[in-house]
Amino acid sequence: MKILLPLFFMAVPIMGQISFEVEVWPILKERCVECHRKAYEEDGKLKKPKSGLRLDGSWHILKGSDDGPVVVAGRPDASTLYHHISLPSGDDDIMPPKGEPLNNKEIKVIHRWIRDGAKFGRWKGATDGVVETVEKEAYVPQHVRYFQNLEKGLEPLPEALLKQLSKSSTASIRRLHPESPLVDVGFFTTPNLVEDKHLSRLAGLREHVVKLSIGRSQVTDQSLGLLGQFSRVSHLNLRETSITDAGLQKISGLKNLVYLNLYGTSISDTGLRALEKCRNLKKLYLAGTSVTETGIRRLQKRIEGLQVVH
């Protein structure tokens, strides 16, 4: 008994702490890594990790996807990894996209892991591609440097104001990180009830919003007139809204825009011409629109490195 008792306690997580290697990694390995691992060749074609996100190593998980971090330690509500796995069954953005969704137990495990600090313990996983430190200076991913530049000269807004705006507009308003003056705004619950009047209540955030998701809402071109003043917006989701080509003219001055989702809108080649001014645009979603291949090629010639999903 004196021998077995210590061994028994060694096998049980202390104080209910989540063990990434024992509890989280098996979920990711079974349900996520197939699409989010090191690039490999299959049938003569190179298969890259979807959205540039790898989940097969601790460094890769912290690095995030092409669109930025997917895990914010201590903040499941600000972690896109948790957001996508906890979406309702049948949602277009739920992860994994194929097979059964993660069950409640699996979702809770990942929620607790992030909430408790997203720690990996001794687990490292895949280490290929890891960027080593240079001259003892910690590596800073490109997307992190991008947001750091946007933060310069900007003071954080009071937490009380953010809570007040969240309540009055039904928006989810989150800081990029606890100290950041930049905020991520989304209407994730009943977006179909969100109208121009709800978005207008966020006018006071025009200098601080960096990510804005109003997809599947009832907003119109009227709201795009306001969004044209959100000078630091880098990620904008307008999917399945009633915006028009004329509306895109109103946001053509957003010089920091790098991601734009226009899926399922009535946008045509005319609207694409307005986007030619968005020189920093890197990813554009146009499936379900009226744009043509000719219009897309024209835009890509004017914006170097633009990736279009059509």
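A polar contact of 3.1 Å joins the side chains of R175 and E159. The model described here is predicted. The structure holds 14 salt bridges, and the side chains of R175 and E159 meet in one of them.

- R175 is found in strand β3, which spans residues 172-175.
- Buried means under 20% relative accessible area; R175 has a relative accessibility of 11% and therefore counts as buried.
- E159, the partner of R175 in the salt bridge with an N to O distance of 3.1 Å, counts as partly exposed, because its relative accessibility is 41%.
- The salt bridge between R175 and E159 has an N to O distance of 3.1 Å. This pair links distant parts of the chain: R175 lies in strand β3 and E159 in helix α7 (residues 159-169), 16 residues apart.
- The side chain of R175 also reaches a backbone atom, the oxygen of L157, at 2.6 Å.
- Leaving aside residues up to four places away in sequence, R175 touches R75, P156, L157, P158, E159, L162, S180, L182 and V183.

**Helix α2**

- Helix α2 covers residues 20-31, and its residues F20, V24, W25, I27 and L28 are buried.
- Viewed down the axis of α2, these buried residues fall within an arc of 155°, so they line one face of the helix.
- V22, K29 and E30, on the other side of α2, are exposed.
- The cover over the buried residues of α2 includes α3 (58-63) and α5 (104-115).

**Strand β5 and its neighbours**

- Strand β5 (residues 209-213) has five of its five residues buried, so the strand is largely enclosed by the rest of the structure.
- Strand β4 (residues 183-186) runs parallel to β5, and four bridges join the two.
- In the pairing of these strands, V185 stands opposite L212 in β5.
- Strand β6 (residues 235-237) also runs parallel to β5, with three bridges between them.
- K211 stands opposite H235 in β6.
- Between β5 and β6 the chain passes through helix α9 (residues 221-227), and this β-α-β crossover is right-handed.

**Further salt bridges**

- Side chains of opposite charge can pair when their charged atoms come close.
- D56 and R54 form a salt bridge in which the closest N and O atoms are 2.9 Å apart; both residues are buried.
- E240 and R239 meet through their side chains in a salt bridge with an N to O distance of 3.1 Å.
- E240 counts as partly exposed because its relative accessibility is 33%, whereas R239, at 6% relative accessibility, counts as buried.
- Salt bridges that share partners join D93, R216, R239 and E240 into one network.

Methods:
Residues are numbered from 1 along each chain as its sequence is written. This is a predicted model: local features need pLDDT of at least 70, side-chain atom pairs count only at pLDDT 80 or more; totals for chains, interfaces and linings use all residues. Side-chain values use heavy atoms; hydrogens and water are left out. Buried means under 20% relative accessible area, exposed over 50%, partly exposed in between (1.4 Å probe, protein chains only). A polar contact is a pair of N or O atoms within 3.5 Å; within protein, one must be able to donate a hydrogen and the other to accept it, and residues adjacent in sequence count only if both atoms are side-chain atoms. Contact means heavy atoms within 4.5 Å. The arc is that of the directions from the helix axis to the C-beta atoms. Two strands pair if DSSP finds at least two bridges between them. A crossover is right-handed if, with the strands pointing away from the viewer, the path from the first strand over the helix to the second runs clockwise. A salt bridge is a side-chain nitrogen of Lys or Arg within 4 Å of a carboxyl oxygen of Asp or Glu.
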